[in-house]
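Biologist: Before we discuss the fold, please show me the chain and its model.

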Amino acid sequence: MSENNFYPASMKIKEIFRWTKEFYPDFDTEYANKLADMFELNTNKTVKSLSTGYNSIFKIIIALSVNTPYVLLDEPELGLDANHRDMFYRLVLEKYSETPSTYVLSTHLIEEVSNVIEHIIIIKKGKVLKDESREELMSYGYAVSGKASLVDEFITDKNVIGIDTIGGFKSVYIMGQIPKGKLPEGLEITKIDLQKLFIKLTEN
């Protein structure tokens, strides 16, 4: 699935389903029509008549119905509202659990896909910074926030990957196990979400 549209603009969606079956013998037409109903996609419409969101939806449906070992999805959420994005992620998980394939998903919405992916590789300027399971990576990143002077004292021996400061308030992002025991009064520790972790590891 690409952002670009390689389908004949005047062709109806149902005709594209039929022709896709010619190129991908395992294409599941019944499943494609089921998804079209779920997304409320009118298969009698032509490609050129679809909005940006429904253009993405019809290509998502094809990608989930071809039943190939590898499925490449480039910005599949383009133009999708929150409900349709949530439906898409759930369908990918259902499809993967029923007929496992390798899904390569390109997206800017990192936090939205954090519960879908199993393994994370973070690359910066050609160098692999992290290459591990999502569970492992997310188990040892945290943030400590509070008065700047208290935070500075707390982080002296910590592996700091990023700092945000607003006035006298500071948030510091740390790689490592969350410390056990009582925190100094005035400090708060929270887990880092995947998007924030990605930003702090890759920003200059």
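Biologist: Where is glutamate 75 found?

Modeller: This is a predicted model, in which local features need pLDDT of at least 70, side-chain atom pairs count only at pLDDT 80 or more, and totals for chains, interfaces and linings use all residues. Residues are numbered from 1 along each chain as its sequence is written, and side-chain values use heavy atoms, with hydrogens and water left out. Helices (H or I, at least four residues) and strands (E, at least two) are DSSP runs numbered from the N terminus. On that numbering, glutamate 75 is found in the loop between S1 and H4.

Biologist: Is glutamate 75 buried or exposed?

Modeller: Buried means under 20% relative accessible area, exposed over 50%, and partly exposed in between (1.4 Å probe, protein chains only). Phi of glutamate 75 is near 50 degrees, a positive value in a residue other than glycine. Its relative accessible area is 13%, so glutamate 75 is buried.

Biologist: What is the relative accessible area of glutamate 40?

Modeller: Glutamate 40 is placed in the loop between H2 and H3. Although not a glycine, glutamate 40 has a positive phi of about 60 degrees. Glutamate 40 is exposed because its relative accessible area is 67%.

Biologist: How many of the residues of H3 are buried?

Modeller: Helix H3 covers residues 52-65 and reaches 20 Å from its first C-alpha to its last. Its buried residues include Gly53, Ile57, Phe58 and Leu64. What covers them includes H1, helix H2 (29-38), strand S1 (70-74), helix H4 (82-98) and strand S2 (102-106). H3 is thus mostly covered, the buried count being 12 of its 14 residues.

Biologist: Which residue just after H3 takes a positive phi?

Modeller: The helix itself has 14 residues. Just after H3, a positive phi of about 55 degrees is taken by asparagine 67.

Biologist: What radius of gyration does the chain have?

Modeller: The chain has eight helices and eight strands, and its C-alpha atoms fill a box of roughly 65 × 30 × 30 Å along the principal axes. The radius of gyration is taken over C-alpha atoms, and the globule rule is 2.2 Å times the number of residues to the power 0.38. A compact globule of 204 residues would have a value near 17 Å, but the chain has 22 Å.

Biologist: What percentage of the residues of the chain count as buried?

Modeller: The chain exposes about 12,100 Å², and carbon and sulfur atoms supply 52% of that area, which comes from the Shrake-Rupley method with a 1.4 Å probe. Of its 204 residues, the part that counts as buried is 40%.

Key:
The expected span of a helix is 1.5 Å times one less than its number of residues. Contact means heavy atoms within 4.5 Å.
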